[in-house]
Each structure stands twice: as C-alpha cells, then as structure tokens.
Amino acid sequence: MFAFTTERSYAQGADAADLLAGFKKEFHFPKKGDQDVIYFCGNSLGLQPRSVSSAIETELNTWRDLAVGGYFNGTNPWLYYHQFCIPTLAKMMGANENEITVMNALTVNLHLLMLSFYKPTTSRYKVIMEAGAFPSDQYAVETLVKHFGFDPNDTIIEIAPRAGEKTLRTEDILATIQSTGDALAMVLFGGINYYTGQLFDLTSITKAAHAVGAIAGFDLAHVAGNVPMQLHDWQVDFAVWCSYKYLNAGPGAVGGVFVHEKHAGNADTPRLAGWWGNDEKSRFKMEKGFIPKTDASGWNISTSQVFNTVALKASLELFEKAGIENLRKKSLHLTAYLEYLLKQLPQLNFEIITPTDPKQRGAQLCLYFKERGKEIHDKMISSGIIVDYREPGVIRVAPAPMYCSFEDVYRFYEILKTNF
C-alpha cells in the first residue's frame, strides 16, 4: 500500500503532504536539551494543547468575576459544562449525542455502569473478559462479582491466547461466548489491549453476546481519540473511557461514558443516582424522588467537574477541526511506516506482538524483548525518546497522529540504528 524507503526524504515528503501536519504546533513538547523529544507515549498521557492555559484562565476569570453566577452566565455556563464535550465525542465514538456524557474517572464509571447492567441470577451470572486485561478492569470485575456474592474463580471466564501466541483469535472469543450460552450475563472487554495493542472486533463480540442474551460492555481507554467507533450501530450496551491518553485532557481528567439509547432512554434502567442526573425541569424543586434524564447524562451523579474538564474541551476543539477519520487515515500510514522501519533493525532482538493487520490495531506497536527490555527502554528515554515499558518485556511505541510527524518516526529509527 505504501512504498516506504529508509531514506529521510520519505519522511519529509510524507510530512509535506500531510494535511494534519499543522496540528503539531498546537501542542507543548518536553525538551531534551534544546530539542523536542520524540513523544510516542500518547497511549499513556497525551501532550498538553497550547490552548489549555487560556481555557483554564477563562474559567478562573468567570469564578473570580461571577462566583456562583458562573453556573448560569460567563463564557461557558458551568451548569451545562459537560455538554460542551458531547458533540465531538459522539462523532468519534459513533454515537447519538443523547448516548454520551462525561463524568468522574474511568474505573469509577466502569463500576457505575456494570452495576447498572450486570444483573446476575443463580443460572446466568458468568462474566467473560480477556486474560491480561488492565489491572483496574480485573479488580473492578472481581469486586463486582464478590459484591453480588459470587466466587470470582467460578464466575469470571478469562480468554487467553493459544499456546505460543501473544494475541487473541476472534473465533476463540466468539466460541467461548457461544459455549457459555445461557450462563453468560456480561462480556467486558477492553477495546484495545494495553499490553499487546490488539484492537478487538467489537461488532462480532457484541453480536455474539446478544445472541446468548448477555450484555456487551467495553473499556475504550486505548480507543478513544485513536480509532473511530460505531457504538450505536453496533448495538453496544455500554462503554467507558478515559480522556488523558489520546484525548490529551491531562492527568486524571474527566472520563467518558456511552449508554445505548435503548437503555439511556428508559428511566427504569437501574443506576446509582445523584442530583446532576436528575431531570433539569425538576432538579431545582429540591424534592424527594429521583427523576432521571432520559439520556446518558442520567448517570451523572455530581456537579460537573469544570476544572477537570477544561483541557478535554480544549483538546476536542482540535479534534473537531482535524476529524477523527482523517486522524485514523494518517495513523494507519504513520504506524505502518514505524513498523517498516523497525523491521530494518536486525541488531535489536525483539518481536512486534501487535497484529500486523491494521484493522486489528490502533496507533500503538508493542515491542517484546525476551531480554534487556527495561534496559533498552531506559536507554531510549535517555536518548530523548519518550515511550513506556510494561512487564514482562514490552516497550510500547505509539505515534499519536495529532502531534507526531513522519520525521519523528524517522528520527526514532535513526537513533535506534545508530546507538542501539
């Protein structure tokens, strides 16, 4: 598809043709000496958009000048602050706007949504997830089933790769769902596995779960802002994600939630309630009796976290301009280029365990080192390459298309070729 070469001129030509190249200057980069680092760690924490400082200053000024009046007045009335993020998130997640909200943080939202949708009985109580899911997901599911009085060892079915393989086969996932059948209450998968970088087939998983009468939920922490979704059309029941990775909203930023409108529009769908999820027409009557908004924000519990949402709002304005489909197109090119150059480094003994099929991965490639992985990672850091390391033996390399260039990828290759 791409006629790659190992010459710098290829990277320079690709950058010259890149319609998104201008977004690079919209972000602050850490420095190594007097040069920007090569930042391939947006899968862990995205860079700060330059517009964030003024966005925070706007809300500080509203607080200073209007105090409580900022909830109804000011540049961005706080009463509706979470709603400013919804239109762009709905586009990138393939959702209707009434199916999206922002609130809390990732694992808090995972707990809240699972409590709404996990309805175990004595015969239907099993949960399927991928083996080696991110620890927070493992902890959340373990404590959920304990909360309902079930034994995690009996209740949770973890699907592992076949012997000698690093990633899961879709047919194995679907076969496990089918064989669990009427005993299955919920499937809870990550959209992209944090360790291998594998993008799962959410469409097929959802369809298989529904075929046996189970709920399909997903942790899309490594998907949001990385790979466009079609959650509504795929009939996904619920999904959660963070916004500090590819969405560039800063450490601990507000999390995101999708609830399909077939559930969100039903006021009887169970949930833990708070004032902010109550219908605004009756919220300020201050009366007993929860009346949920009939959209995803009916799961909002507490007042909008304005200062924890400011950076997300600022970043989403860039996503709106760039377009998630355009970003994905660039990402496919950028990551394929990275893969090609990595394969030109025979002196480094590693295996790319992320699927080679672009449809089964996002921006991230995972390099598995049988030996010296942490040592090599540390040398990359000291060389001005920001990547991260996950035990056992994996260096995760993720060129985020919003702010990474083809020449960044070439510089990465050149440093590894020369110094490693």
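Trainee: How many bridges join strand 16 to strand 17?

Mentor: Keep in mind that the model is a predicted one. Strand 17 covers residues 394–397 and runs antiparallel to strand 16, and within this pair Tyr389 stands opposite Ile395 of strand 17. The number of bridges joining strand 16 to strand 17 is three.

Trainee: Which strands stand at the edges of the open sheet of four strands?

Mentor: The strands of this antiparallel sheet follow the order 13-14-17-16. An edge strand has a single partner, so one of its sides is left without a neighbour in the sheet, and this applies to strand 13 (351–352) and strand 16 (388–390).

Trainee: Which helix packs on that sheet, touching strand 13, strand 14 and strand 17?

Mentor: The direction of the helix makes about 20° with that of strand 14, which spans 365–368. The helix comprises residues 324–342 and is helix 12.

Trainee: In the open sheet of seven strands, which are the edge strands?

Mentor: The order here is 6-12-11-10-9-7-8, and the pairing is mixed. Each edge strand pairs on one side only, and the two in question are strand 6 (100–103) and strand 8 (156–159).

Trainee: What is the bridge partner of Phe189 in strand 10?

Mentor: Strand 9, made of residues 184–190, pairs with strand 10, made of residues 215–219, in the parallel sense and over five bridges. In strand 10, the residue that bridges to Phe189 is Phe218.

Trainee: What angle do helix 4 and helix 5 make where they pack?

Mentor: Two packed helices are described by the distance between their axes as well as by the angle. For helix 4 (residues 106–117) and helix 5 (residues 135–147) the axes lie 10 Å apart, and the crossing is right-handed. The residues of this contact divide into six nonpolar, five polar and one charged. The angle between helix 4 and helix 5 is about 35°.

Trainee: How many charged residues are in the contact of helix 2 with helix 11?

Mentor: The axes of helix 2 (residues 52–66) and helix 11 come within 9 Å and cross at roughly 140°, in a right-handed crossing. Helix 2 contributes Val52, Ala55, Ile56, Glu59, Leu60 and Trp63, while helix 11 contributes Val306, Phe307, Val310, Ala311 and Ala314. Ten of these residues are nonpolar and no polar residue takes part, which leaves the charged count at one.

Trainee: Is Thr294 buried, exposed or partly exposed?

Mentor: Thr294 lies in the loop between helix 10 (280–283) and helix 11 (306–322), and it touches Ala264, Gly265 and Ala267, leaving aside residues up to four places away in sequence. Its relative accessible area is 46%, and because buried requires under 20% and exposed over 50%, Thr294 counts as partly exposed.

Trainee: How many disulfides does the structure hold?

Mentor: A disulfide needs two cysteine sulfur atoms within 2.5 Å. The sulfur closest to that of Cys41 belongs to Cys404 and is 10 Å away, too far for a bond, and for Cys85 the nearest cysteine sulfur, in Cys242, is 14 Å away. The number of disulfides in the structure is zero.

Trainee: Is Cys85 buried or exposed?

Mentor: The cut-off for buried is a relative accessible area under 20%. Cys41, at 8%, falls on the buried side. Cys85 has a relative accessibility of 0%, and therefore it counts as buried.

Conventions: Residues are numbered from 1 along each chain as its sequence is written. This is a predicted model: local features need pLDDT of at least 70, side-chain atom pairs count only at pLDDT 80 or more; totals for chains, interfaces and linings use all residues. Side-chain values use heavy atoms; hydrogens and water are left out. Two strands pair if DSSP finds at least two bridges between them. Contact means heavy atoms within 4.5 Å. Axes are lines fitted to C-alpha atoms, for helices over the stretch in contact, and angles run from 0 to 180 degrees between N-to-C directions. Buried means under 20% relative accessible area, exposed over 50%, partly exposed in between (1.4 Å probe, protein chains only). A crossing is left-handed if the near helix is turned anticlockwise from the far one by less than a right angle, and right-handed if clockwise. Ala, Val, Leu, Ile, Met, Phe, Trp, Tyr, Cys and Pro count as nonpolar, Asp, Glu, Lys and Arg as charged, and the others, Gly among them, as polar.
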